[in-house]
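Try each task before you read its solution.

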Amino acid sequence: MEQTPKANRVHIGFFGRSNAGKSTLINMLTDQSVSIVSDVAGTTTDPVSKAMEILPLGPVIITDTAGIDDDTELGALRIEKTEEVMKKINLAVYVLRTDEAPTVEDMKWLEQLKKQNVPIALFINEIETKVLNSQQVDSDNLTFTSGEAYINDHKELAKVATVIGYANFTSSDKRLELLDLLGGLTPLDIEGEHSLLEGLVEPGDTIILVCPIDEAAPKGRLILPQVQTIRDILDRRGLALVCQTEELPAMLEKLSEKPKLVITDSQAFGVVNAMTPPDIPLTSFSILMARYKGKLQDLVAGVEALKSLKAGSKVLISEGCTHRRQCDDIGTVKIPNWLKQQGHDKLDLTFTSGGAFPKDVSDYDLIIHCGACMLTRREVLRRIDAAVVQGTPIVNYGVLIAFLHGILERAISPFLDELQQ
Ligand code: SF4
């Protein structure tokens, strides 16, 4: 379970007002201290995430966010981060407490979540009289409100939320019941139903993976798309053969039968294309990833924009994580150089990484995105959709590099039927 890549887990975000009990609920559900819990409103600053297993959902990442009513100096920044979480998650938990009626802010955020089509589990924190300040409130006059009564009093809540759980979050009595409620939801846009090689590998098929170990390769391990591809081949009872670029001719020669498919790192596309006989299908990890995360069609359509780039055209090169840059880094060095070789030497280039994908991309003439192996499918779809809606063409590294090397047609031929649908 610990090895499930972050991008493949169901991402669950916890939202609500400061001290509604989000952090306490997370700690109760995970049975450990994940979030900072305090009586002081606004204790959670940056979103805090934790990997765990919730059946039947499987491996999940749960993220605690800052309170939506944060009016401290850092409040605006925290709320911006909370909004970012909202765009990535597959499932939302919204937390309210029985001693406070839902506010206009609560309803605004619930509506915002609903607009994202994310299933919302509404959890009501049943506050006990003893936690209230007895000096200000005469405890004898206090009445305990059950979560059910709270929902009956505020029927507008049931219109936006799909599941409602009640509990006192400081007690673990209902832990399993609440986990069951969460596990019973159907998350939005999860990757679990898909796989990288869907429809491409049958039992007994031989697949060659070309994985160059150059300066940019991490020490002592393969990168995530390569590992995921190997695992998928094994799951499908195929035969996975792995080599570096230079060894590909020897590997092809040793095989008594042609491989079903050759998959290469995009950076070696040109050389591997020349080494691989034309009757053997060839594609790249990056193109497989684009198909897996969705919208390969849009990324292929985006290459048309390359033909109309001119001096001064604005191009955004965006990467999904903040890895350490190498001297021949693909995003900042190799791609700009390949574009130059094609005559695009005076482009106005902007680079972003990690969560820093701009909201407004309408000014760009083209977006070039990395393979996005570390991003959830939902986040990738959001970025592609944002570009398409704002009329900005978008490609990914694999599609761009195949196009620049004149082999895009070959690289997408294994999926031609899907692209034409
Ligand atoms: S830059 Fe993109 S493709 Fe490369 S490791 Fe990060 S998310 Fe994956």
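Before we start, a residue is called buried when its relative accessible area is under 20%. Keep in mind that this is a predicted model.

**Exercise 1.** Get an overview: what share of the protein is buried, and how many helices and strands are there?

*Solution.* Start with the burial count: of the 421 residues in the protein, 50% are buried. Next, go through the secondary structure, which comes to 16 helices and 14 strands.

**Exercise 2.** Take strand 13 and work out which residues point which way.

*Solution.* Find residues 366-369, which form strand 13. L366 and I368 point one way, while I367 and H369 point the other way. Now check burial against the cut-off of under 20%: all of these residues are buried.

**Exercise 3.** Find out which strands pair with strand 13.

*Solution.* First look at strand 11, residues 314-319: it runs parallel to strand 13, and four bridges join the two. Within that pairing, L316 has I367 as its bridge partner. Then move to strand 14, residues 394-396, which also pairs with strand 13 in the parallel sense, over three bridges. Here I368 stands opposite V395. Finally, trace the chain between these two strands: from strand 13 it passes through helix 13 (residues 377-389) to reach strand 14, a β-α-β crossover that is right-handed.

How values were computed: Residues are numbered from 1 along each chain as its sequence is written. This is a predicted model: local features need pLDDT of at least 70, side-chain atom pairs count only at pLDDT 80 or more; totals for chains, interfaces and linings use all residues. Side-chain values use heavy atoms; hydrogens and water are left out. Buried means under 20% relative accessible area, exposed over 50%, partly exposed in between (1.4 Å probe, protein chains only). Two strands pair if DSSP finds at least two bridges between them. A crossover is right-handed if, with the strands pointing away from the viewer, the path from the first strand over the helix to the second runs clockwise.
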